[in-house]
Amino acid sequence: MSIRRTAGAAGGLVAGFVAGAIVTLSLQSAARVPGPQGSPLSDAPPVPAATERQAAGTFLAWTPGGLPAGFRASLPSVPLVERDVVVESDLAWLTRSFSSTGEVVDDPPPGLSIPLEVAAVDPAEYAPFLPPVDRGVVADLADGYGVLGESSAELRHLGLGAVLRFGSVDVAISAVLPDELVGANELLVSRTRAKALGLTHDRYALIQPRGPATDRMIMRALKPLVPQGLPVQVRAPGQTPYFRQGDAVLPPVQLKLLFGEFAAAPDPARPGYLKIDPVWERAHIATEHVPILGNVTCNVALFPQLRGALRELARRGLQDTITSYSGCYARRYNNRDPHQAISHHTWGIAVDINVPQNPFGAPPHEDPRLVRVFQRWGFIWGGTFVVPDGMHFEYRRPPER
């Protein structure tokens, strides 16, 4: 049995995201960027580009693994901070969903649920970070309603009046907002509502400074709020397409649209790992032979892009830049920690290469020529992450033409 969806368009999208909004991010044109001929990702939507940098506006701040204890309480006391909202974000397990007419839409197999990335905010703190036309959702959040991001609404085929069920907790949808306004999370609720859903981790903060500021100024101001040695990532307006934690990689909702959505459950026999719907696995995961690496188990949609990168390495005589391969598809959480997000390896869209020379968290030692080839083919390199992951190459966008 697979996830069941009814047909029908997502309705009732909230209009009015206007230029000059307080959140200073925007998406590129919806025009599709072609990939290599025959690639299943040839019609994949382009990754949104960062807008031009501005001196003032909304800044993003996050730390790996979540914001430290006490960060939210201390943030308003930072002299440089005029306004702030700290965002909780965790997985919640969707057991069923209903359209506005009561028809069942999502219906995962018995024993499995659909992992959703759910964010939570204090409604009053969130209001200044919305365009005035969209601030009506603040009252709905305070009343216990939920807000879908546009991509989530597209994925679910749901809109206003829909109901998402998480075990014994129902969340009715009152609005759909652009992904930029909800950090590309799938569902936004209030902090009060989040308690019933089991959300507990503060992941990132949005900050509006007192007067003109830069990312470095914000970073220096936040350093006293975090333990020594914990890196702080700060993004200025226009530096990143989505203001959220882990902003270098695609958010889960985009991965679902590109590579498929699965139902899953924590694996009690292997803490930190997941059981995945076998129907989804059969449709999306395969083992095929590729140059240099040999047999690889990945998402079927990734193979053309992966083969393209490896063939270019071979054509240029760079095959010796790869000395070991350690896998692609792995059903687990990030760092095998159930308190973290689901690893993008679970979608089968990332490969680990030259692991012995590039342990997680250590300075990376990949050949720059290898990195450049993979980047040309649309992969992001983990060596550029806040916590370096030099072995890691992950799908980010369609390849360059």
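These legends accompany close-up views of a predicted model.

**View 1. An open sheet of 10 strands, with mixed pairing.** Reading across the sheet, the strands come in the order E3-E6-E7-E5-E8-E4-E2-E9-E1-E10. Strand E3 (96-98) and strand E10 (233-235) are the ones to look for at the edges: each has a single partner strand, so one side of each is left without a neighbour in the sheet. On average, neighbouring strands here are turned by 30° against each other, direction ignored.

**View 2. Strands E2 and E4 pair in the antiparallel sense.** Here you can follow E2 (residues 81-94) alongside E4 (residues 114-121), with 7 bridges between the two strands. A handy spot to start is Ala92, which stands opposite Leu116 in E4.

**View 3. Helix H6 lies across strands E1, E9 and E10.** The helix covers residues 215-222, while strand E1 spans 59-62 and strand E9 spans 202-209.

**View 4. A disulfide joins Cys298 and Cys328.** The model has 1 disulfide by the distance rule used here, and the sulfur atoms of Cys298 and Cys328 sit 2.2 Å apart. Cys298 belongs to strand E14 (residues 294-299) and Cys328 to the loop between helix H9 (303-315) and strand E15 (350-352), so the pair ties together parts that are 30 residues apart in sequence. The torsion about the S-S bond is about 125°, so this disulfide is right-handed.

Methods. Residues numbered from 1 in each chain as written. Predicted model: local features only at pLDDT ≥ 70, side-chain atom pairs only at ≥ 80, totals over all residues. Heavy atoms only, no water. Pairing = 2+ DSSP bridges. Helix = DSSP H or I, 4+ residues; strand = E, 2+ residues; numbered from the N terminus. Axes fitted to C-alpha atoms, helices over the stretch in contact; angles between N-to-C directions. Contact = heavy atoms within 4.5 Å. Disulfide = S-S within 2.5 Å.
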